[in-house]
Amino acid sequence: MLAMDQGVVEEWLSEYKTLPDSAVSAYAASLKDKGALVPALYKVIRENYSELLEPVCHQLFEFYRSGEPQLQRFTLQFLPELLWSLLSVSAARDPHTSGCIEALLLGIYNLEIVDKDGQSKVLSFTVPSLSKPSVYHEPSAIGSMALTEGALANHGLSRVVYMGPLLQRENFTAQNRFEVLTFLLLCYNAALSYMSSSSLQSLCQISSRVCICGYPRQQIRRYKGISTRMTVTSEFLVQLLTGIHYALCNGEADLGSKALDDVLYRAQLELFPEALLVGNAIKSTQQGAALKSNAKEGARSIQVEITPTASRISRNAVTSLSIRGHRWKRHESQEVSVDSEAAPGGVVIPDISVTGVSSERLPNGDSMRPRSEGRSHPDGETLGGAPEVSQDPRSHESATRGQEVRRQKSMRRMVENDSSGSTSLGRSQH
């Protein structure tokens with residue numbers, strides 16, 4: 001460690017001890033302006049035998065215990081590197097060099113599992129329903145869902161999963177190590193949007209190391225660190241994948257892609273279904289789509305589907321506007337064609353057209369169709385035919401309302417004449 005970095009760390013250790021309580025918030029806001037401090041602290045954490053490691057861990061714990069959100073986030077950004085230091089030392093079977101790191105991690109864990117009154121927390125998580133949109137999916141992208149009786153019964157119901165209460169831990173054992181580390185990663189992921197680029201890079205790097213150490217993939221990655229296999233759990237890998245997903249979409253595409261492949265590699269070897277499900281889901285969202293941005297600064301986010309805008313909605317979609325437009329068209333067509341006629345006897349005569357040929361029904365069952373010839377009698381005699389009526393549909397479409405009224409009046413007169421002619425014809429035949 002360089003003397004300059006050591007001087008930066010020592011100055012940081014001394015100035016917080018003499019700080020009054022009223023100046024803590026202003027001091028927390030000024031930490032982001034100290035660009036040389038964070039790299040110097042990373043160097044201290046990576047050197048297990050550094051003399052500054054113990055006072056640094058103690059100060060980071062004081063930051064977290066203060067309750068100031070900005071100081072707590074400052075401590076959390078070093079969590080991935082602290083986890084790697086603990087796991088690497090445990091794999092090397094040299095626990096005496098990680099005592100201060102264990103104390104720091106256990107202190108953060110014991111503070112997070114209780115509320116301000118000292119009571120154990122019970123965390124709740126709402127599982128999103130596929131029938132309702134969330135930040136991770138849109139129902140329209142899934143396709144049609146079968147409306148079964150069970151689906152309708154569960155529609156609108158939210159499934160809530162509870163976690164806790166968790167037990168206080170005084171030391172790390174083989175049984176509780178990953179329970180504590182998984183919960184710490186959960187706290188880290190809750191503050192992902194506040195983490196710096198160096199913290200996201202550290203998360204991706206330690207994810208790869210934990211998953212490939214001791215396996216053939218370590219030679220492919222050309223990692224020359226420890227070669228001892230590290231025990232992991234499925235829940236621990238899922239928390240790693242959550243952070244990797246965020247890093248992928250926020251400027252760490254290369255490291256994030258490698259870390260994602262390494263975690264999936266380890267999940268396949270261990271046959272962890274939860275990690276495989278989450279990892280493959282993240283990988284499928286990245287295929288065929290460019291990452292949001294490679295910029296390391298700016299707004300933090302993840303890629304999600306959004307509700308389709310007006311330009312993406314199909315023109316054939318049934319909307320209230322299209323229904324009103326359909327009714328207007330139907331009303332106009334009814335004005336052009338004769339919807340019903342009233343016979344002299346008061347009988348309503350509907351206009352029914354199946355073949356598209358316009359025709360009007362008379363009370364006696366005859367039809368007013370276009371005729372080029374008169375009606376033929378069974379004996380061959382031609383009876384008095386009604387005058388030819390033009391039924392061209394194009395004339396109906398171009399006719400005005402005044403012409404339509406005159407046409408209806410003339411048709412009524414024709415109906416009356418035809419009825420009187422049929423009556424006189426019957427009398428002459430008798």
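Student: Which is Leu-271, buried or exposed?
Tutor: This is a predicted model, in which local features need pLDDT of at least 70 and side-chain atom pairs count only at pLDDT 80 or more, while totals for chains, interfaces and linings use all residues. Residues are numbered from 1 along each chain as its sequence is written, and side-chain values use heavy atoms, with hydrogens and water left out. Burial is judged by relative accessible area (under 20% is buried, over 50% exposed, and in between partly exposed, with a 1.4 Å probe and protein chains only). Because its relative accessible area is 66%, Leu-271 is exposed.

Student: What is the phi of Leu-271?
Tutor: Most residues other than glycine have a negative phi. Leu-271 sits in the loop between α14 (253-270) and α15 (273-286), where helices (H or I, at least four residues) and strands (E, at least two) are DSSP runs numbered from the N terminus. The phi of this non-glycine residue, Leu-271, is positive, with a value near 60°.

Student: How many helices and strands does the protein chain have?
Tutor: Of the 430 residues in the protein chain, buried residues make up 35%. Among contacts (heavy atoms within 4.5 Å) with a separation of 6 or more, 67% are between residues 24 or more positions apart. The protein chain itself has 18 helices and 6 strands.

Student: At what angle do the axes of helix α1 and helix α4 cross?
Tutor: Two packed helices are described by the angle between their axes and the distance between the axes. The axes are lines fitted to C-alpha atoms, for helices over the stretch in contact, and the angles run from 0 to 180 degrees between N-to-C directions. For α1 (residues 3-17) and α4 (residues 53-65) the axes come within 11 Å, and the crossing angle is roughly 45°.

Student: Which residues of α1 make the contact with α4?
Tutor: The angle makes α1 oblique to α4, on a scale where under 35 degrees is roughly parallel, over 145 roughly antiparallel, 65 to 115 roughly perpendicular and the rest oblique. The crossing is left-handed, which is to say that the near helix is turned anticlockwise from the far one by less than a right angle, whereas clockwise would be right-handed. On the α4 side the contact is made by Pro-55, Val-56, Gln-59, Leu-60, Glu-62 and Phe-63, and on the α1 side by Val-9, Trp-12, Leu-13 and Tyr-16.

Student: Which residues of α4 make the contact with α5?
Tutor: The axes of α4 and helix α5 (residues 69-76) come within 7 Å and cross at roughly 140°, which makes α4 oblique to α5. From α5 the contact takes Leu-71, Gln-72, Phe-74, Thr-75 and Leu-76, and from α4 it takes Leu-60, Phe-63 and Tyr-64.

Student: How many charged residues are in the contact of α7 with α10?
Tutor: Helix α7 (residues 99-112) and α10 pack with their axes 10 Å apart at an angle of about 70°, and the two are therefore roughly perpendicular. In this contact Leu-105, Leu-106, Ile-108, Tyr-109 and Glu-112 of α7 meet Glu-179, Val-180, Leu-181, Phe-183, Leu-184 and Cys-187 of α10. Classes are nonpolar (Ala, Val, Leu, Ile, Met, Phe, Trp, Tyr, Cys and Pro), charged (Asp, Glu, Lys and Arg) and polar (the others, Gly among them). The contact divides into 9 nonpolar residues, no polar ones, and a charged count of 2.

Student: Which residue forms a salt bridge with Lys-43?
Tutor: A salt bridge is a side-chain nitrogen of Lys or Arg within 4 Å of a carboxyl oxygen of Asp or Glu, and a search of the whole structure finds 9 of them. The closest N and O atoms of the Lys-43 pair are 2.7 Å apart, and because Lys-43 lies in helix α3 (residues 37-46) and its partner in helix α1, the pair ties together parts 38 residues apart in sequence.

Student: Which residue's side chain meets Glu-81 in a salt bridge?
Tutor: The N to O distance of the pair is 3.3 Å, and the two residues, Glu-81 in helix α6 (residues 79-91) and its partner in helix α3, are 35 residues apart. The partner is Arg-46.
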